[in-house]
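Subject: Handover of the two-chain model

Hello,

I am passing this structure on to you. Please look it over first; my notes follow below.

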Amino acid sequence: MSNQLNSRNYENLKLNTIIFENESHETCYPVFINRGLRELNYDDE
Amino acid sequence: MKQNICKLSLLICMFHICHGTIFSQILQENESPPRITLERTEIRLLHSEIVGQDFELYVSLPNNYSKSNTNYPVIFVLDPYRDFLIMKGISDVLASSQIIPEVILVGIGYGGEGFNAFINYALGRLRDYTPVQDTAKEEWSRKAAENLGIDDINIISGGSPSFLEFIRKELFPFMESNYHINSKDRMLSGYSDGGLFGLYVLFHDPDLFDKYLIGSPSIYYKDGILLEYESNYATTHEDLKAEVFMSSGELEEVTAENIKKNEQSA
């Protein structure tokens, strides 16, 4: 999905994708939330 | 000296009495201990004519919300039955450290108590987070329910179009008329099938949210229908105005394969 999205070069799309090492579907949620909240552009607001 | 000892003894007695009263609650027969409540969080009920569902919203408010005129960013959280506590804990810590701004959280839940809450959650997410019907997934869910001794429930999938309409036409107006919300800073957070719904929204109505927090989306659903949605969107659009964070776990390929095998064998 991320490859397909990146290949479009959409105007105004800010896309950040990460694969977390050593995390499964059952363990990933807290890491995803912690990182995602910080990454979603709040740092420059 | 003797008088001082008496005063000291009296103080010690008073401490033990107070300590016992405050810190070790003695329960009467048939009395349950008090339950923990979430700080600055309230439950609101919202009936949807569009979906035909009474939604239970968990609304977590920032510190000093009642004394502030600020319009806050809002994060709509899917699967609150499972994920709201984690989202609230992490967002509270990050906000208190000023790493992110203070936000309003809105968990879009299905209500119920105990085991019923689990069933409502499982049925609700299958109906609302899936964009088209998947009979194999419905059958797998039906068998899982039967294994739990439940055989009289209506299991359906493919309700995302209605759920999206509910968010736009019923949920947003409700939230914006009842809370101080910055309507230009809306985020959707979805994980797994919630991520499936998040990407469905992104390719069908991207302006609905400004930010998309997408975790481990169910890309495999209906043989990758999300990829088809994206391709369809790309044929008519060169612009996609959104900030998207998307992630998955390194070990998830195994899980996705197993889920698909389970559904195919159902």
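**The core**

The largest nonpolar core numbers 51 residues, and Phe76(B), Val77(B), Val106(B) and Tyr212(B) have the most contacts inside it. A nonpolar core here is a set of buried Ala, Val, Leu, Ile, Met, Phe, Trp, Tyr and Cys residues joined through C-beta atoms within 7 Å. Buried means that 20 or more other C-beta atoms lie within 10 Å of the residue's own, exposed means 12 or fewer, and partly exposed is in between, with C-beta atoms placed from the backbone. Helix H6 (residues 193-204) of chain B gives the largest share of this core, 7 residues. Leaving out residues up to four places away in sequence, Tyr212(B) touches Leu188(B), Gly198(B), Leu202(B), Ala242(B) and Val244(B); contact means C-beta atoms, placed from the backbone, within 7 Å.

**How to read the model**

This is a predicted model, in which local features need pLDDT of at least 70 and side-chain atom pairs count only at pLDDT 80 or more, while totals for chains, interfaces and linings use all residues. Residues are numbered from 1 along each chain as its sequence is written, and chains are lettered from A and ligands numbered from 1 in the order in which they are written. Helices (H or I, at least four residues) and strands (E, at least two) are DSSP runs, numbered from the N terminus.

**The sheet**

An open sheet of 8 strands runs in the order E1(A)-E7(B)-E6(B)-E5(B)-E3(B)-E4(B)-E2(B)-E1(B), and its pairing is mixed; strands pair if DSSP finds at least two bridges between them. E1 of chain A and E1 of chain B are the edge strands, each pairing on one side only. From one strand to the next, the twist averages 20°. H5(B) packs on the sheet, touching E1, E3, E4 and E5 of chain B, and its direction makes about 140° with that of E1(B). H6(B) lies across E5, E6 and E7 of chain B and runs at about 135° to E5(B). For these angles, axes are lines fitted to C-alpha atoms, for helices over the stretch in contact, and angles run from 0 to 180 degrees between N-to-C directions.

E1(B) pairs with E2(B) (residues 53-60) in the antiparallel sense over 8 bridges, and Glu42(B) stands opposite Val59(B). The hairpin of these two strands has 4 residues between them, and Gly52(B) takes a positive phi near 75°.

**Where the chains meet**

Chain A has 2 helices and 1 strand, in the pattern α-β-α along the sequence. Of its 45 residues, 22% count as buried. Strand E1 of chain A (residues 11-20) pairs with E7(B) in the parallel sense over 9 bridges, with Ile18(A) opposite Ser247(B).

In total, 37 residues of chain B are in contact with 37 residues of chain A. On the chain B side, E7(B) supplies the largest share, 11 residues. That side divides into 20 nonpolar, 8 polar and 9 charged residues, where Ala, Val, Leu, Ile, Met, Phe, Trp, Tyr, Cys and Pro count as nonpolar, Asp, Glu, Lys and Arg as charged, and the others, Gly among them, as polar.

**One exposed residue**

Glu146(B) lies in helix H4 of chain B. This residue counts as exposed because it has 11 C-beta neighbours inside 10 Å.

Regards

Methods: Two residues are in contact if their C-beta atoms, placed from the backbone, lie within 7 Å.
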